[in-house]
Amino acid sequence: MLRVMSVLKVFGVLVIVPVSACFILIAPNVNATFYAHTLLELHRRVCPVLEYRNLVILWLSHDIVVDAVLPHIISEITYSKTISIAVRENITDKDLFYSCNLLFMDSLNDFEIVNSLQESVKAIYFYPKWIHEMVKASANETLLHLVRFGYRVVYDHSNTIAIYRWNKYSNQTTTIDPYKIAVPDETRDMHGYNLTMFYYEPISSVMTFDAYFLELVCSKRNASAIQMANSSHPCDIYSAIGFQYMYRSWLLHTFGTTFIAVNVPRAKPKPIVSVLIDPFDKYVWITYLMLVLTMAVTISQFGEILGRCRFVEIVLELVMTCLAGPSRTYGGTFENRLLTMFCLMGIVLISSYQSLIISFMSIVRYGSEINTLEEIREQCLFEDYDEPKSFGFKTYPNGTYPELGLGCNFEMGRDNELLSLRIAANLINVRQDYGREDYIRYRIEKYRFANAKAFEYPMGFIVRPQARELFLFYTQAVFESGIYEYYYKNKSTPAWLYKRNKFANEVVKVKDLMLLWYAYVCGILLSIVSLVLEKVVHKEFKR
């Protein structure tokens, strides 16, 4: 049969395919319109255009009926089309998971060729009746298994068509009327079919909603829920662990989230001497300092009595006026009014300052937590490997360890910190259960998740293509009902909660006041040096 190259235009895209010369010289006894209408109607029922916009045509047949029907299929403008004469030439994962596959075949060997399409979502076989009869009479189990896959459209040259579909759940073959095509939902009754989910103990024992979801689906569709820990056995559904899968087109996004958390040290209690500074923020202290300096300059220029003192002495006098009242004699109308107003302000300022100090000393105060990306860059140290460097974080050399409370690390998380912590405890290599509890207790007391997260995505399932629509339907039902949000809230779990010390019930030690002792010693040394210098200078002036 002579073949030429034809250029077809489908949705504005030029597709070059080999076309038989019989496209023009069609046999008069072949009703190509009838065949094409039946195939297109079956395709429309099996693959609604809103869900499957592309039709993948695998052209392996040289039969005259196929040559007559194919132009009608291509000229239909509702779907875009990908045409191939070899299985692996133009068919991609996207074609397998988001399109229908129409396969034209005219020999038993073609079934072996399309064996790699067993995981296709939707497939329609179109082959002659003699193949159908030969398969029925065959005892080859492999061949019988291959032809059972997909929707089988059997034709002959007398313009008759029969449509067969093998229901894998009921293990029966049904016949579809080609003049009144109706495609039943085979998953409405799965006849006890085993829906299997991969069970990974460290994660699945914590994220129990996945198993509950599988049981819920099975109870609605007369199926059996099976969890399998054997990774070598194929399963219908897997949980996508890790963000490396999130860009895959075949991933089914579901309830919950997965993310990369930054494990940071908890804020430590502030030293007791911090109560001297904390009652007012930095803006109040700066304003007070500017006020004292301004008044000192003004008094040194226009004061009648205090104006005779040195500038430093005036500053000290103003500070003493706030703390305990004036210690020097002052006079003059301007100086009296200025210092009187300053004393009134000092009464309000010091009284509020003293009351805040008393309240601050009765409770334990903590430093600020590490939450933002900028705070992580400034305060955290990570182990020296590629991931922290990609974020621009500080690292410490391998083989060394930072001080306690400085080291940070990345951790894979699920939904929230408590569930992620329980998963991490299951992943550590300890034989006793109390070892995991000790790990959780230590983690809660010393570390926490920062608010800044990386690669946060909705959780995903890897679902076998034939069961994808089933799980997609029930996933949307879970979203709309909101049962996922309430499932873990109503589930009894250990109360692993971090509680800060609220009240200061510890004895103040010498080291807690070390800063004040340093200030006291420095003051004494400064006084001694000042006294010695004054004596030396005084003797020099006497000479």
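Modeller: A cavity here is a set of points on a 1 Å grid over the protein atoms alone where a 1.4 Å probe fits but cannot get out. Points are joined across faces, edges and corners, and the volume is the space filled by probe spheres set on them. By the way, this is a predicted model, in which local features need pLDDT of at least 70 and side-chain atom pairs count only at pLDDT 80 or more, while totals for chains, interfaces and linings use all residues. Residues are numbered from 1 along each chain as its sequence is written, and side-chain values use heavy atoms, with hydrogens and water left out.

Biologist: What volume does the largest cavity have, and which residues line it?

Modeller: Its volume is about 90 Å³. The lining consists of Met197, Phe198, Tyr200, Ile203, Ser204, Asp210, Gln227, Ser239 and Ile241; to count, a residue needs an atom within 4 Å of a point. β10 (193-198) and α8 (201-204) each give at least two of the lining residues.

Biologist: How do you know which of the lining residues are nonpolar, polar or charged?

Modeller: Ala, Val, Leu, Ile, Met, Phe, Trp, Tyr, Cys and Pro count as nonpolar, Asp, Glu, Lys and Arg as charged, and the others, Gly among them, as polar. Sorted that way, the lining gives five nonpolar, three polar and one charged.

Biologist: Why is phenylalanine 149 called buried?

Modeller: Buried means under 20% relative accessible area, exposed over 50%, and partly exposed in between (1.4 Å probe, protein chains only). Phenylalanine 149 has 15% relative accessibility, so it counts as buried. Its place is in the loop between α7 (141-147) and β7. From phenylalanine 149 to asparagine 167 it is 18 residues in sequence and 9.2 Å in space, C-alpha to C-alpha.

Biologist: And what of glutamate 378: buried, exposed or partly exposed?

Modeller: Glutamate 378 has a relative accessible area of 48%, so the label is partly exposed. It sits in helix α13 (residues 373-379). Its C-alpha is 8.0 Å from that of phenylalanine 393, 15 residues apart along the chain.

Biologist: What puts methionine 134 in its accessibility class?

Modeller: A relative accessible area of 40% makes methionine 134 partly exposed. Methionine 134 belongs to helix α6 (residues 129-137).

Biologist: What makes a set of residues a nonpolar core, and which have the most contacts inside the largest one?

Modeller: A core is a set of buried Ala, Val, Leu, Ile, Met, Phe, Trp, Tyr and Cys residues joined through side-chain atoms within 4.5 Å. The largest has 34 residues, and Tyr35, Leu39, Leu42, Ile73, Phe104, Phe126 and Val153 have the most contacts inside it. Elements that each supply at least two of its residues include α1 (32-46), β5 (99-104) and β6 (122-128). Apart from this core lies another, of 27 residues, with Ile203 and Tyr474 among them.

Biologist: How do you know what phenylalanine 126 touches?

Modeller: Contact means heavy atoms within 4.5 Å. Leaving out residues up to four places away in sequence, the partners of phenylalanine 126 include Tyr35, Leu39, Val65, Phe104 and Val153.

Methods
Helices (H or I, at least four residues) and strands (E, at least two) are DSSP runs, numbered from the N terminus. On a 1 Å grid over the protein atoms alone, a cavity is a set of points where a 1.4 Å probe fits but cannot get out, and a pocket is an open set with protein on both sides within 12 Å along at least five of seven lines; lining residues have an atom within 4 Å of a point.
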